[in-house]
Amino acid sequence: RAGFGASLDGLWPYSYDSCDVGTLPNQTFPGTQTPLAATQNGDPDYGGVLSYLPGQRLESHPGPMHSNGSYVGRAAPEIDIFEATVDGGVGRAGYLWSNTSDNFKIYDPTITVLNSYHGGAYQETTSGLSLTDQDCYELDKGCYSVYGFEYPWYIIANLGFSINFGGIDFENIQLPATMLVDYIRVYQPANAKNIGCDPPEFPTAAYINT
C-alpha cells in the first residue's frame, strides 16, 4: 500500500516472479561482490552500485503457487500515468533496457519521446516524456486533460512535488495547490472482472493478516 512504508519493504518496486540474483539484497550473492555488473556503472550517488534494495519478499503462505509447487513472488511494480517535470531527467549507464520496437511502443512521437532517466539505486524505470496542455494547470486556465492507460493494478490519485522533477520556487510557490479529477473510468474484460484488493488468484487479505 503506497504511503505505508512497511507494506512496501521488499515488495516495491519489484516485478520479479522467480528467484534469481535480481531478487537478492543489493542484487548480489550473499557475502560477495558478484555479479560485477551489480557493483559498477550504477547510481553515482551510491558508489556506482546498481541497487540498494533490501531484496524481494517472496511468498511463503498463504498464497498462490506455481504448478511446480514454488510460490508466486509477491511484487508491487509501480506505473505512473503521469508525473510532471520541467527537466529532461538524467540517464544512468547501468540501467539500460531493451528499447526495441518489440518491447515498447510510442504511439505519437510528435509529442512523446523516450525518457533518458532509467532509474537509480532504488528502482529501474522506463517511461516516456510527453508535452501536456499548459492551460490545464490550476493558475492558468484550469481546463481538464484526458489521460488513458492500460493494465493498472490499483489506482491512486494524489498531488505532490519533488525537487527531483525540477527546481521549485519555494519563495513564491502558492500553497495549498489543487489537482482536480473530473472522473476515473476503469474498463475490464467481461470474463475477467476484478473489484477489490483480495482476488482469489492473489489472496492479499490472508497474506497481510498472517
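**Reading a salt bridge and its surroundings**

Me: With which residue does Lys-141 form a salt bridge, and how far apart are the closest N and O atoms?

Reply: Side chains of opposite charge can pair when their charged atoms come close. The term salt bridge is applied when a side-chain nitrogen of Lys or Arg lies within 4 Å of a carboxyl oxygen of Asp or Glu. Here Lys-141 is joined to Asp-135, with 3.8 Å between the closest N and O atoms. The structure holds one salt bridge. This is a predicted model, in which local features need pLDDT of at least 70 and side-chain atom pairs count only at pLDDT 80 or more, whereas totals for chains, interfaces and linings use all residues. Residues are numbered from 1 along each chain as its sequence is written, and side-chain values use heavy atoms, with hydrogens and water left out.

Me: Are Lys-141 and Asp-135 buried, partly exposed or exposed?

Reply: A residue is buried under 20% relative accessible area, exposed over 50% and partly exposed in between, for a 1.4 Å probe and protein chains only. Lys-141 counts as exposed because its relative accessibility is 68%. Asp-135, at 32%, counts as partly exposed. Of the 210 residues of the protein, 18% count as buried.

Me: Which cysteines form a disulfide, and what is the handedness of the link?

Reply: A disulfide is assigned to a pair of cysteine sulfur atoms within 2.5 Å. By this rule the count comes to one. The sulfur atoms of Cys-136 and Cys-143 are 2.0 Å apart, and their link is left-handed, with -100° about the S-S bond. Cys-136 is buried because its relative accessible area is 16%, whereas Cys-143, at 31%, is partly exposed.

Me: What are the elements of the protein, and in what order do they run?

Reply: Helices (H or I, at least four residues) and strands (E, at least two) are DSSP runs numbered from the N terminus. The protein has two helices and four strands, in the order α-β-β-β-β-α from the N terminus on.

Me: Where does Glu-83 lie, and which residues does it contact beyond its neighbours within four places in sequence?

Reply: Contact means heavy atoms within 4.5 Å. Glu-83 lies in the loop between helix H1 (5-8) and strand S1 (112-114). Leaving aside neighbours within four places in sequence, Glu-83 is in contact with Glu-78 and Phe-165. Glu-83 and Leu-129 are 46 residues apart in sequence, with their C-alpha atoms 9.2 Å apart in space. Glu-83 counts as partly exposed, at 43% relative accessibility. For the protein, among contacts between residues at least 6 apart in sequence, 56% join residues at least 24 apart.

Me: Which residues make the nonpolar surface patch?

Reply: Patches consist of residues with over 30% relative accessible area and no salt bridge; like charges are joined within 9 Å, and nonpolar side chains (Val, Leu, Ile, Met, Phe, Trp, Tyr) within 5 Å. The patch, of about 1,000 Å², includes Ile-79, Phe-82, Tyr-147, Leu-159, Met-179 and Val-186. Leu-159 is situated in the loop between strand S4 (128-130) and helix H2 (204-209), and counts as partly exposed at 48% relative accessibility.

Me: How many aromatic pairs are there?

Reply: Rings of Phe, Tyr and Trp (its six-membered ring) pair if their centres lie within 6.5 Å; planes under 30 degrees apart count as stacked, over 60 as edge-to-face and the rest as tilted. By this rule there are two aromatic pairs. One of them joins Tyr-46 and Tyr-52 in a tilted arrangement, 4.8 Å centre to centre with 55° between the planes.

Conventions
Areas by Shrake-Rupley, 256 points an atom, 1.4 Å probe, with all protein chains shown as cover.
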